[in-house]
Amino acid sequence: MTKTSPKQESITNQATSCSTSTAQKEQEQKTQLKLEKIKHKIAIISGKGGVGKSTVTANLAMAYASEGHKVGILDADLHGPCIPKMLGIERQPLKSGIAGIFPAVGKLGIKVVSMDFFLPSDEAPLIWRGPLKMRAIEQFIGDVAWGELDYLFIDLPPGTGDEPLSIMHFIPDMDGVVIVTMPSELSEAIVKKSVTFAKETGIPVIGIVENLSGYVCPDCGKKVDIFKSGGGKRISDALSVPYLGSIPIDPRVCIDSDSGLPFMAANQSLPVAKAFIEIVAKIKEFLSVNQFLSNQEKKVKP
Amino acid sequence: MICVSAIANNLDAALDPRFGRCAYFIILNPENMQFNAIPNSGVEATGGAGIQAAQTIADKGAKTVITGNVGPNAFKALSAAGIEIVTGASGTVREVVEKYKKGQYCKTTAPTVSGHHGSGGRQ
C-alpha cells in the first residue's frame, strides 16, 4: 500500500487550485503508479453482446487465482456490470482509506471493482455519456488500492465504444486482448470489427475464444450445434489471429454463475472446465512468449 | 484422514485459501480418495471462525489439514488437537492431495496470517 507523503499531498492541493491540465497530469501519474504494480493486464472484448465475456473473465480469474496468483478484475462494463453477481459479492459497499478505494474481495481473494458497488439498487441504471464514463474508468484504475497483482482482467462491454477506448488509452502497455465470440455468422461478422479495433489501437490479440459452441445431449450423447459451428476458427484463419479454443454449452455454467461460483472454481472435472483449462494454457503460452520477447528487446536496447 | 479447505463440495473444486472461512471442509481418505464434504458454518461468523473450524475437523478425525493460510487462533486450536498443518497450497482438492502424498508440502509451525484475515480482507 502506498502512503501519500506530505510532498505528494501538497502537489495534490496545488493541483486543485492550478489549471485543470495539472490535475489531469496528476491523475495520469497516479494511474501509472497503480499500473506499475500489476504484472499482467488482459482485457476481454467482443463484438456482439451476450456471448459470454463476463463468464470467460470470471473463469480466467478463477483459473489463475486457484493456482495461487494474486488476481484482480476491473469490471469496465459500466451499464451492465455482472462480475460481482458471478462471484457472489454483488452490491457490497466499498471502503476507502489513504491508499484509495479498497476493492471488494471475492472467492480465492480475487479483488473486484465494478459499477455495481456504486449503484443504489439493482434496478438503478447508469445514465451517463462518454466523458463521465472515461473519468469513471480512469478512477477505477488510479483511485483504487489494487496493491500488488499478478494479473488484472478487464471485463469490457461489447463493441468498440467509450469504455474499450478509454481502457486502451489508460493501459497502453496491456499484454493483450482475448476476443470472445459465438459460432453464428452474425457474431462472426461483428467480431471482425473487434479484431480490427485491437489492431488499430496497437494492442496484441492473444486470441479468439468460441463460447456457446455446441451442446452435448446428456441423455443420448449426441452433439447439437445450436449456434452452428466453427465461426471462431474461420475468423482466426481469415484474420490470422490465434484460436484459443471453444467452450461447449452446459446448463451447469449458468447455474454456477448465478450462484456466484464460476465453474473453474466449483468443479474442474466438467467438460467445460476441461475445455477452459486448454484455453488458459494457450494464454499462458502467449504471455510467456511475450515476456521473453520483451526481455530480449530490453537486452538489445541498453 | 486429511482435511482440505475448499470452495465447493467435490474433489475437483478449487482449494479455498481461507481456513476458517472456507465454504467446505473436504475430509478425505488419501488411500482411496473417499470423501465427505462438510459445509462450514463459520463462513459468516464475526469472530472465532478458526477455532470453530478446528473443532469441526478434529471431531471428524482429521489428522492433517491442507489450506492456504491459518490465523493465530486456528493455529493454536489445531496444534492443541494434534493436527498437522500444511499451508500455502493451491489448486484443486485432488491436486493438492496428490502433491501432499508425494511429500511436496512441509508442515507449518506458525500462523501465516493475522486474525480476521479472511473476513473481507480489508483493514
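Helices are DSSP runs of H or I with at least four residues, and strands are E runs of at least two, both numbered from the N terminus. With that in hand, let's work through a predicted model. The model scores ipTM 0.78 and pTM 0.86.

**Exercise 1. Follow helix H7 of chain A and find what comes after it.**

Step 1. Start with the length. Helix H7(A) covers residues 185–201, which makes 17 residues. At 1.5 Å a residue these should span 24 Å, and the end C-alpha atoms are 25 Å apart, which agrees.

Step 2. Look for its buried residues, using the cut-off of 20 or more other C-beta atoms within 10 Å. Among them are Ser187(A), Val191(A), Val195(A) and Phe197(A).

Step 3. Ask what covers them. The cover includes strands E1, E8 and E9 of chain A, together with helices H6 (162–170) and H8 of chain A.

Step 4. Gly202(A) follows H7(A), and its phi is positive, near 75 degrees.

**Exercise 2. Is helix H3 of chain A enclosed by the rest of the structure or open?**

Step 1. Check the helix itself. H3(A) runs over residues 53–65, and its 13 residues reach 18 Å from first C-alpha to last, close to the 18 Å expected.

Step 2. Count burial. In H3(A), 13 of the 13 residues are buried, so the helix is largely enclosed by the rest of the structure.

Step 3. Find the strands it lies across. These are E1 (38–46), E2 (71–75), E7 (149–155), E8 (176–181) and E9 (205–210) of chain A, and H3(A) runs at about 170 degrees to E7(A).

**Exercise 3. Describe the eight-stranded sheet of chain A and name its edge strands.**

Step 1. Write down the order. The open sheet of chain A reads E5-E6-E2-E7-E1-E8-E9-E12, with mixed pairing.

Step 2. Go to the ends. E5 (104–105) and E12 (243–246) of chain A are the edge strands, each pairing on one side only.

Step 3. E5(A) pairs with E6(A), residues 111–114, over two bridges in the antiparallel sense. Here Ala104(A) has Val112(A) as its bridge partner.

Step 4. H8(A), residues 231–238, lies across E8, E9 and E12 of chain A, at about 155 degrees to E9(A).

**Exercise 4. Work out how the strands of chain B are put together.**

Step 1. A reminder about sheets: strands pair through backbone hydrogen bonds, either parallel or antiparallel.

Step 2. Give the order. Five strands of chain B form an open sheet, E3-E2-E1-E4-E5, and the pairing is mixed. E3(B) and E5(B), residues 84–86, each have a single partner strand, so one side of each is left without a neighbour in the sheet. On average, neighbouring strands are turned by 20 degrees against each other, direction ignored.

Step 3. Take the pairs in turn. E2(B), residues 24–29, and E3(B), residues 34–39, run antiparallel and are joined by six bridges. E1(B) and E2(B) are also antiparallel, over five bridges. E1(B) and E4(B), residues 64–66, are joined by three bridges and run parallel.

Step 4. Trace residues across the strands. Ala37(B) of E3(B) is opposite Ile26(B). Ile26(B) of E2(B) is opposite Val4(B). Val4(B) in turn stands opposite Ile66(B) of E4(B).

Step 5. Look at the turn. Four residues lie between the strands of the E2(B) and E3(B) hairpin, where Met33(B) has a positive phi near 60 degrees. Asn29(B) stands opposite Gln34(B) of E3(B).

**Exercise 5. Is Leu15 of chain B buried or exposed?**

Step 1. Locate it. Leu15(B) sits in the loop between E1 (2–6) and E2 of chain B.

Step 2. Count neighbours. Leu15(B) has 26 C-beta neighbours inside 10 Å, so it counts as buried.

Step 3. Name some contacts. Leaving out residues up to four places away in sequence, Leu15(B) touches residues including Val4(B), Gly68(B), Val93(B) and Val96(B).

Step 4. H3(B), residues 93–101, lies across E1, E2, E4 and E5 of chain B, at about 145 degrees to E1(B).

**Exercise 6. How many residues does each chain give to the contact between chains A and B?**

Step 1. Chain A gives 16 residues and chain B gives 13.

Step 2. Sort the chain A side: seven are nonpolar, six polar and three charged.

Note on methods
Residues are numbered from 1 along each chain as its sequence is written. Chains are lettered from A and ligands numbered from 1 in the order in which they are written. This is a predicted model: local features need pLDDT of at least 70, side-chain atom pairs count only at pLDDT 80 or more; totals for chains, interfaces and linings use all residues. Two residues are in contact if their C-beta atoms, placed from the backbone, lie within 7 Å. Ala, Val, Leu, Ile, Met, Phe, Trp, Tyr, Cys and Pro count as nonpolar, Asp, Glu, Lys and Arg as charged, and the others, Gly among them, as polar. The expected span of a helix is 1.5 Å times one less than its number of residues. A residue is buried if 20 or more other C-beta atoms lie within 10 Å of its own, exposed if 12 or fewer, and partly exposed in between; C-beta atoms are placed from the backbone. Two strands pair if DSSP finds at least two bridges between them. Axes are lines fitted to C-alpha atoms, for helices over the stretch in contact, and angles run from 0 to 180 degrees between N-to-C directions.
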